[in-house]
Amino acid sequence: MFTGIVEELGEVTAVENLGDASRFRLRGPVVTEGARHGDSIAVNGVCLTVVDHEGDEFTADVMAETLKRSSLGALAVGSRVNLERPTAVGARLGGHIVQGHVDGSGEVLARTPSEHWEIVKISLPATLSRYVVEKGSITVDGISLTVVEAGPDFFTVSLIPTTLALTTLGHKQPGDPVNLEVDVIAKYVERLLAAGQEAGA
């Protein structure tokens, strides 16, 4: 489990096409400290398994399903990525519960700068809009954010200077893809309500 609090801005150093999958090599001195084969690291919000680790770099395999559902397929050598290790049991939950299971992708629609923060508008797939509410939580490229406005096919978030400086959202421009993970609690509530309605029918 992750919390959506990005630990560092890493970099893709190699991409190998494996046909129905891709192998990425990524640099991240913080997240690779003490890393072992089989560990999990979230890359732009996608939970990946460490295949190999050497120095401040690690490799991870990404299967076709993940490449299709997320924006990882658009990564190239030199791309910056948000990196986070799983939260330790008993640690503070700084963001919200993030599984690292991307529900879909959106696109940066607009950026509106202000003196001390910036509003970013992001497109929202119709299949996910019912899970997004104002003041609720959403994960964008692995970053736990609070929804400012929730529209039928978009939402907005307000980014503080720290988020702009230390994550990929400081560099994303209109047209760039982002990974989205909605609050898993909303999905469980929906499923439970549906089951209750069926039982009472």
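**Briefing on the structure**

The domain assignment of the chain gives domain 1 (8-84) and domain 2 (104-190), the bounds coming from an automatic or database domain assignment. This is a predicted model, in which local features need pLDDT of at least 70 and side-chain atom pairs count only at pLDDT 80 or more, while totals for chains, interfaces and linings use all residues. Residues are numbered from 1 along each chain as its sequence is written, and side-chain values use heavy atoms, with hydrogens and water left out.

**Domains and record annotations**

- The C-alpha centres of domain 1 and domain 2 lie 22 Å apart.
- The contact between them takes 12 residues from domain 1 and 13 residues from domain 2, where contact means heavy atoms within 4.5 Å.
- UniProt, in an unreviewed entry, places the feature "domain: Lumazine-binding" at residues 1-96 and 97-193; its positions are given in the numbering used here, feature names are shortened, and annotations may be inferred rather than shown by experiment.
- Residues 97-193 are 16% helix and 41% strand, with end C-alpha atoms 21 Å apart.

**The barrel from β1 to β6**

- In the order β1-β2-β5-β4-β3-β6, 6 strands close into a barrel with antiparallel pairing; two strands pair if DSSP finds at least two bridges between them.
- The twist from one strand to the next averages 45°, with axes taken as lines fitted to C-alpha atoms (for helices, over the stretch in contact) and angles running from 0 to 180 degrees between N-to-C directions.
- Strand β2 (residues 21-27) and strand β5 (residues 57-63) run antiparallel and are joined by 7 bridges; L26 has F58 in β5 as its bridge partner.
- Strand β6 (residues 80-84) is largely enclosed by the rest of the structure, because 4 of its 5 residues are buried; buried means under 20% relative accessible area, exposed over 50%, and partly exposed in between (1.4 Å probe, protein chains only).
- β1 and β6 run antiparallel and are joined by 4 bridges, and the bridge partner of E11 in β6 is R80.
- Strand β3 (residues 40-43) is joined to β6 by 2 bridges, again antiparallel, and V43 stands opposite L83 in β6.

**The barrel from β7 to β12**

- A closed barrel of 6 strands runs β7-β8-β11-β10-β9-β12, with antiparallel pairing.
- On average, neighbouring strands of this sheet are turned by 45° against each other, direction ignored.
- The antiparallel pairing of β8 and β11 extends over 6 bridges, and S123 stands opposite F154 in β11.

**Nonpolar cores**

- The largest nonpolar core has 21 residues, and V140 and F155 have the most contacts inside it; such a core is a set of buried Ala, Val, Leu, Ile, Met, Phe, Trp, Tyr and Cys residues joined through side-chain atoms within 4.5 Å.
- The elements giving two or more residues to this core are β8 (118-123), β9 (137-140), β10 (143-150), β11 (154-159) and β12 (177-182).
- Another core, of 17 residues, lies apart from it and includes L26, V46, V81 and V102.
- Neighbours within four places in sequence aside, V140 is in contact with I122, L145, F155, L169, V178, N179 and L180.

- V51 is in strand β4 (residues 46-54) and counts as partly exposed, at 26% relative accessibility.
- With neighbours within four places in sequence left aside, V51 is in contact with R23, H37, T59, A60 and D61.
- V51 and V140 are 89 residues apart along the chain, and their C-alpha atoms are separated by 25 Å.
- T3 lies in the segment before β1 (8-17); at 5% relative accessibility, T3 counts as buried.
- Beyond neighbours within four places in sequence, T3 is in contact with E84, T87, L93, G94, G95, H96, V98 and S144.
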